[in-house]
Amino acid sequence: MAAAIVFAILSALSNACSAVLQRLAVVDRTSEAKSVWRTAIDLLRQPIWLLGALFLVGTFGFQALALYFGPLSVVQPVLVLELIFTLGLRVFLLHDSIASRTWSAALIICVGLAAFLVLASPSEGTHVPNAGQWILAVSTRGLIVLVLLLLSRHGSPASRAALFGAATAIVWSVDAALVKQTVDELARSGVLGLLTHWPLYAMIATGVLGTILLQGAYAVGPLAASQATLLIVDPLVSIALGIELFHEQLRTGPGYVFGAVVSLAVLGAGVVMLSIWAPPVMTAEELARLPGHARPSEDAAPRPQL
């Protein structure tokens, strides 16, 4: 279990590094009037973007290792630490000043997460789900995603972003479950056996779908709304999927269940507060703070925010 937690923490850290580096690269390149394709080609030439892509590969690798060594109900909640690592990178890399209330929200997340892991004490399941169980799990979640997307067509930008974020979280939770099934299949059957089984291809499909939905969430409303909803819904759905598909176990005594629910509520509250109180979005000017980058000219045209 310790290995699962360590690899989950490394996955969260790697994803935070990827997000910070690639967003800075995108902001720097999209500040110039270029076509989408030209911008994409320019990004591929950017060392900072390529480094971010390398960290993204590390994110997936660490998550796969974490899910091999531990249950969904441990790995997915730990991944919310990405928010805290992102703050740390803003301080270390960009020398941002983070408000005390923002660090307080980060502390609340840590307390809620630690309390959940201690009180619920999730344990690995030994069950291998069959095709029928997968069909039931995916179809029910897919129906919920469809309803959320239909509801997201109306309402305020914040509510639409939140609904998109919830839909994305459900898809990524299913993807995480498929990652677990895939790495277990790899351990049992080897590479050739893995290529002849469906979980690998389903994992790729849900990963692509989740990425598309995430971009939609960013497009329809504020980041705080989509990010908070995504990071709250993902662990909850993952815990349910772990119990349903892999028969993962949580402590079921009344006191433990109540404590776990309260812990998750505290964790969710911390995510919401941290999303709201996060520092402003990164701009091209922040890229100039990195070594080897010149500061933008004072009379240059304002650059768009990320």
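**Figure 1. Helix 8 and helix 9 are roughly antiparallel to each other, because angles over 145 degrees count as roughly antiparallel.** In this predicted model, local features need pLDDT of at least 70, side-chain atom pairs count only at pLDDT 80 or more, and totals for chains, interfaces and linings use all residues. Residues are numbered from 1 along each chain as its sequence is written, and side-chain values use heavy atoms, with hydrogens and water left out. The axes of helix 8 (residues 157-195) and helix 9 (residues 199-220) cross at roughly 160° and come within 7 Å. Axes are lines fitted to C-alpha atoms, for helices over the stretch in contact, and angles run from 0 to 180 degrees between N-to-C directions. The crossing of helix 8 and helix 9 is left-handed (the near helix is turned anticlockwise from the far one by less than a right angle; clockwise would be right-handed). By class, the contact of helix 8 with helix 9 has 21 nonpolar, nine polar and two charged residues. Ala, Val, Leu, Ile, Met, Phe, Trp, Tyr, Cys and Pro count as nonpolar, Asp, Glu, Lys and Arg as charged, and the others, Gly among them, as polar.

Figure 2. Buried means under 20% relative accessible area, exposed over 50%, and partly exposed in between (1.4 Å probe, protein chains only). The expected span of a helix is 1.5 Å times one less than its number of residues.

**Figure 3. Helix 10 (223-246) is one of the helices against which the buried residues of helix 11 pack.** The axes of helix 10 and helix 11 come within 8 Å and cross at roughly 160°. Helix 10 is therefore roughly antiparallel to helix 11. Their crossing is right-handed. By class, the contact of helix 10 with helix 11 has ten nonpolar, three polar and no charged residues. Among the residues that meet here are Leu 231, Ile 232 and Leu 236 in helix 10, and Leu 264, Gly 268 and Val 271 in helix 11. Helix 11 (residues 254-277) has 24 residues and reaches 34 Å from its first C-alpha to its last, close to the 34 Å expected. Its buried residues include Gly 259, Ala 260 and Leu 274, and these buried residues also pack against helix 5 (82-94) and helix 6 (100-120).

Figure 4. Most residues other than glycine have a negative phi. Ser 121 lies in the loop between helix 6 and helix 7 (131-151), and is partly exposed, with a relative accessible area of 33%. His 247 lies in the loop between helix 10 and helix 11, and counts as partly exposed at 37% relative accessibility.

**Figure 5. The protein chain has twelve helices and zero strands.** Helices (H or I, at least four residues) and strands (E, at least two) are DSSP runs, numbered from the N terminus. Buried residues make up 46% of the 306 residues in the chain. Among contacts between residues at least 6 apart in sequence, 82% join residues at least 24 apart.

Notes: Contact means heavy atoms within 4.5 Å. Angles under 35 degrees count as roughly parallel, over 145 as roughly antiparallel, 65 to 115 as roughly perpendicular and the rest as oblique.
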